[in-house]
Amino acid sequence: MIRYGARQKVNTACPMLSTTESFFEGNLLLKALSPEDRGLLAPHFERADVRRGETLFTVGAKVSFISFPCEQTVINLIVSMRDGRSAETATIGREGAVGGVVSHGSLPAFSTALVQIGGPVLRLDAAKLQDAKLRSTTLRNLFTRYADCLLGQVLQSVACNALHPIEERCLRWLLTLQDRIGTETLPVTHELLANMLGVQRTYLTRILRTLQIQGLIEVGRGRITILDRARIQEAACECHGAVVSHFETVLGAVYDAEGRMLSVDPPTQPGQDDSVRAAESV
């Protein structure tokens with residue numbers, strides 16, 4: 001379980017807000033908050049630094065807090081089997097949050113949240129978020145829309161793992177990670193990627209060698225470099241594009257030419273309360 005040894009209360013009353021504000025700016029959900037909504041949540045945040053390989057929560061643990069990855073921090077949701085095999089079902093970076101997002105929190109976790117790329121996170125008690133949702137329609141709208149996008153990513157991952165060849169799945173996963181950290185060089189080991197895709201490391205190594213020969217990627221020690229994103233998008237399965245499209249439509253996500261998500265701006269509509277409440281009951 002993760003050790004939050006570097007906790008730091010976020011103090012909005014402090015005259016030196018630059019550090020605090022930089023962490024809010026480092027997560028796109030928090031960055032999208034209005035000043036009023038940010039004021040509802042900001043006093044309750046704790047900052048922490050997480051390291052690769054640490055867990056935020058494990059299967060069956062009661063999740064009473066929500067973690068917002070900031071900057072290049074990336075968290076994977078992992079489902080493991082009794083025989084020791086595992087597979088990734090969602091990758092969350094600065095565009096989102098993990099833990100108690102879909103539910104109201106304090107419920108047993110169905111998956112393990114594993115830190116893939118270490119860095120800063122902001123942590124919030126789930127009960128504080130629920131209280132703020134009751135007080136703000138716009139905040140409730142934002143998190144309901146994000147929960148829908150997270151669920152969409154999980155469902156698309158399930159379909160992808162069942163229906164698409166490993167080469168396409170591998171490229172989809174690399175694109176997903178690049179979307180979240182925005183760099184051509186991805187800090188990924190063969191072992192990590194094999195675990196995420198649920199295949200043997202030796203098998204994955206052969207796949208990566210083929211992709212490298214095709215000029216799509218360059219494989220180095222502890223890293224994979226994207227050489228031609230446009231060709232990778234063409235060679236990957238449709239799943240990456242489907243998730244991106246859903247984020248754009250539902251959450252108002254904006255991407256740059258290299259695929260990095262720059263911001264989220266969820267649409268607001270008159271009379272939206274009823275649809276939001278209906279979505280939260282699913």
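This is a predicted model: local features need pLDDT of at least 70, side-chain atom pairs count only at pLDDT 80 or more; totals for chains, interfaces and linings use all residues.
Reader: Which residues make the contact?

Author: From helix 4 there are Leu129, Ala132, Lys133, Leu134 and Arg135. Helix 5 brings Thr137, Leu139, Arg140 and Phe143. Sorted by class, this contact has 5 nonpolar, 1 polar and 3 charged residues.

Reader: Nice. What about helix 6 and helix 7, how do they cross?

Author: Their axes come within 11 Å, and the crossing angle between helix 6 and helix 7 (residues 190–197) is roughly 110°. That angle is why helix 6 counts as roughly perpendicular to helix 7. The crossing of these two helices is right-handed.

Reader: And who touches whom there?

Author: On helix 6, the contact is made by Ile166, Arg169, Cys170, Trp173 and Leu174. On helix 7, the partners are Leu193, Met196 and Leu197. The contact of helix 6 with helix 7 has 7 nonpolar residues, no polar ones and 1 charged.

Reader: Then helix 7 and helix 8: how are they set relative to each other?

Author: Helix 7 and helix 8 (residues 201–213) have axes that cross at roughly 105° and come within 9 Å, and therefore the two are roughly perpendicular. The helix 7 side of the contact has His190, Glu191, Leu193, Ala194 and Leu197, while Arg201, Leu204, Thr205 and Leu208 belong to helix 8. By class there are 5 nonpolar, 2 polar and 2 charged residues in this contact.

Reader: New topic! How many cavities of 30 Å³ or more does the structure hold?

Author: There are 2 cavities of that size.

Reader: What lines the largest one?

Author: It has 16 lining residues, and the closest to the centre of the largest cavity are Gln153, Arg172, Thr176, His240 and Val243. Helix 5, helix 6 (166–181) and helix 10 (239–251) each supply at least two residues of that lining.

Reader: Which helix gives the largest share?

Author: That is helix 10, with 5 residues of the lining. As for classes, the lining of the largest cavity divides into 7 nonpolar, 5 polar and 4 charged residues.

Reader: And what's around the second largest cavity?

Author: Its lining is made up of Arg94, Glu95, Asp179, Arg180 and Met261.

Reader: Last one: how much space lies in the second largest pocket?

Author: About 240 Å³. Of the 14 residues lining the second largest pocket, Val79, Met81, Ser86, Ala87 and Asn161 are the closest to its centre.

Reader: Which helix and strand show up in that lining?

Author: Helix 5 and strand 7 (86–92) each supply at least two residues of the lining of the second largest pocket. By class, this lining has 6 nonpolar, 5 polar and 3 charged residues.

Terms used
Residues are numbered from 1 along each chain as its sequence is written. Side-chain values use heavy atoms; hydrogens and water are left out. Contact means heavy atoms within 4.5 Å. Helices (H or I, at least four residues) and strands (E, at least two) are DSSP runs, numbered from the N terminus. Ala, Val, Leu, Ile, Met, Phe, Trp, Tyr, Cys and Pro count as nonpolar, Asp, Glu, Lys and Arg as charged, and the others, Gly among them, as polar. On a 1 Å grid over the protein atoms alone, a cavity is a set of points where a 1.4 Å probe fits but cannot get out, and a pocket is an open set with protein on both sides within 12 Å along at least five of seven lines; lining residues have an atom within 4 Å of a point. Grid points are joined across faces, edges and corners, and a volume is the space filled by probe spheres set on the points. Axes are lines fitted to C-alpha atoms, for helices over the stretch in contact, and angles run from 0 to 180 degrees between N-to-C directions. Angles under 35 degrees count as roughly parallel, over 145 as roughly antiparallel, 65 to 115 as roughly perpendicular and the rest as oblique. A crossing is left-handed if the near helix is turned anticlockwise from the far one by less than a right angle, and right-handed if clockwise.
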